[in-house]
Amino acid sequence: MSAHTLLAEAGCHIKQDCGFPAPGLHSFDFKPIFSIGSFDFTKPMLLAIICMLLVVGFFWAAFNKPKLVPGKLQLVGEIGYTFVARSIAREVIGKKGDKYVPFLTSIFFFVWFMNIMSIIPFAQFPPASRFAFPVALAALVYITYMYLTFKTHGFRGGVKNLVWISGLPKPLVPLIVLLEFIQNCITRPFTLAVRLWANMFAGHMLIVMFSVATWYLLTPTWLTAVSGGSFGLAIFMTAFEVLIQFLQAYIFTLLASIYIQGAIEEGH
Amino acid sequence: MMTFLAEEGAQNPLIPDTAELVIGLLCFFIVFGLLGKKLLPNIQKTLAERHDAIEGGLERAEKAQAEANRTLEEYKAQLAEARHEAARITEQAREQGAVIIAEMREEGQRQRDAIVAAGHAQIEADRRQVTVTLRQEVGRIATDLAGKLVGESLEDSARQSRTIDRFLDSLDGSADAGAGNGAGAGAAR
């Protein structure tokens, strides 16, 4: 149970001498469901595991015994699979991207399912708004990126691929090398993780904000109208989040494939 | 129930929680493992099979159609070639016939010429023989005549003149025979 649910249960309304329980960082911290020693098992972890089970369960049901003439579930799974295989892997990497499709598909669906948790009743929390989850995935993408870079180009070629741009005027070389290094080795994985995290964080914050405000303003006064407005916005933001959730999963996967493409392309 | 972790001091949200990191990685590896090792290869195979079943069927049909067309073309080509061959053979035969006829005509002409030439040679030979014979005859006759003239002396001029007349007559006779012979040879030539 998240902090804001507890707030709502407290039943605090305006003009009751209990200030507006504004959501904040504390909305993303949870009391452990159980603890084993110093290990606290919290709701985001539970949601991540549920998402893992859902992704695996869905694809198991869809693809375990695939038929030439697909059933409905298999068809939906195929649409998802071909979306990643065609619109992302083929589009960005080309024919060589085929062998990275399982990796990209796993990323896409795991991230998307986790994001959707943001608007599923009772779950209502995106695990990716806890920085560790995007970091875990971005780290895997980063390791893959580095591994492919050095595997494809060897050590010297790999380093060159990371920092070098050919055809530069001499005086610019040190600057560009520095910038390229920072971009490829530091900001890329960082922004990859932060982009997903910040979007989910902000989205969740907005929904919580308007939900809490709706409850807070719900009093037998004219403020009920404002409460209604807030409720409308909460619904609008929820709908908007549906789009963002998909988009962020797509962007994360797309960037992962762009990095892979950058790692395996011939010189640059 | 109302204790907030936030009140214990909110953490920097950009410091990842280690336990969450581990759980996140584990979850992803399970997803990736099952999808990558089993489920996605499954569907890849099925999609390939379906592609083969649909487009492969079309491709096979197209291939068969193309094969049939090619065979037809080949037959047509062969037929045309056969017709051409037949026409060529007919033409050749006609030419050969014409050549044979021409050759035979030439051969006939040649044989005719040969026969004619042989005839001429025969006639020439006959003529020579006749001439030789005639010359011998004339000589013998002249000798006869001379003998007769010498034998009978000059006792009787009348007799003498008679002898000469007889000689001339006989001479005339032989000349007439020779002239007739010569005229015949001239006409044949």
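How far apart do the end C-alpha atoms of residues 54-92 of chain B lie, and what percentage of the span is helix?

**Entry 1: the chain B span.** I looked at this stretch in the model, which is predicted. The end C-alpha atoms lie 56 Å apart. The span is 100% helix and 0% strand. I then checked the record. UniProt, in an unreviewed entry, places the feature "coiled-coil region" at residues 54-92 of chain B.

**Entry 2: chain B against chain A.** I looked up the contacts between the chains. On chain B, 32 residues are in contact with 41 residues of chain A. I sorted the chain B side by class: 24 nonpolar, four polar and four charged residues.

**Entry 3: two helices of chain A.** I took helix α5 (residues 132-163) and helix α7 (residues 223-264), both of chain A. Their axes come within 8 Å and cross at roughly 15 degrees. Angles under 35 degrees count as roughly parallel, so α5(A) and α7(A) are roughly parallel to each other. The crossing of α5(A) past α7(A) is right-handed.

I listed the residues that meet. From α5(A) come A:V141, A:T144, A:Y145, A:L148, A:T149 and A:T152. From α7(A) come A:A256, A:Y259, A:I260, A:A263 and A:I264. By class, this contact has eight nonpolar, three polar and no charged residues.

**Entry 4: A:I182.** I found A:I182 in helix α6 (residues 173-217) of chain A. Is A:I182 buried or exposed? I get 12 C-beta neighbours inside 10 Å. The cut-off for exposed is 12 or fewer, so A:I182 counts as exposed. I also checked A:I182 against A:L162, 20 residues apart along the chain. Their C-alpha atoms are separated by 9.5 Å.

Technical notes: Residues numbered from 1 in each chain as written. Chains lettered and ligands numbered in written order. Predicted model: local features only at pLDDT ≥ 70, side-chain atom pairs only at ≥ 80, totals over all residues. Contact = placed C-beta atoms within 7 Å. Nonpolar A, V, L, I, M, F, W, Y, C, P; charged D, E, K, R; others polar. Axes fitted to C-alpha atoms, helices over the stretch in contact; angles between N-to-C directions. Helix = DSSP H or I, 4+ residues; strand = E, 2+ residues; numbered from the N terminus. Parallel < 35°, antiparallel > 145°, perpendicular 65-115°, else oblique. Left-handed = near helix turned anticlockwise from the far one by under 90°. UniProt positions renumbered as here; feature names shortened; annotations may be inferred. Buried ≥ 20, exposed ≤ 12 C-beta atoms within 10 Å, placed from the backbone.
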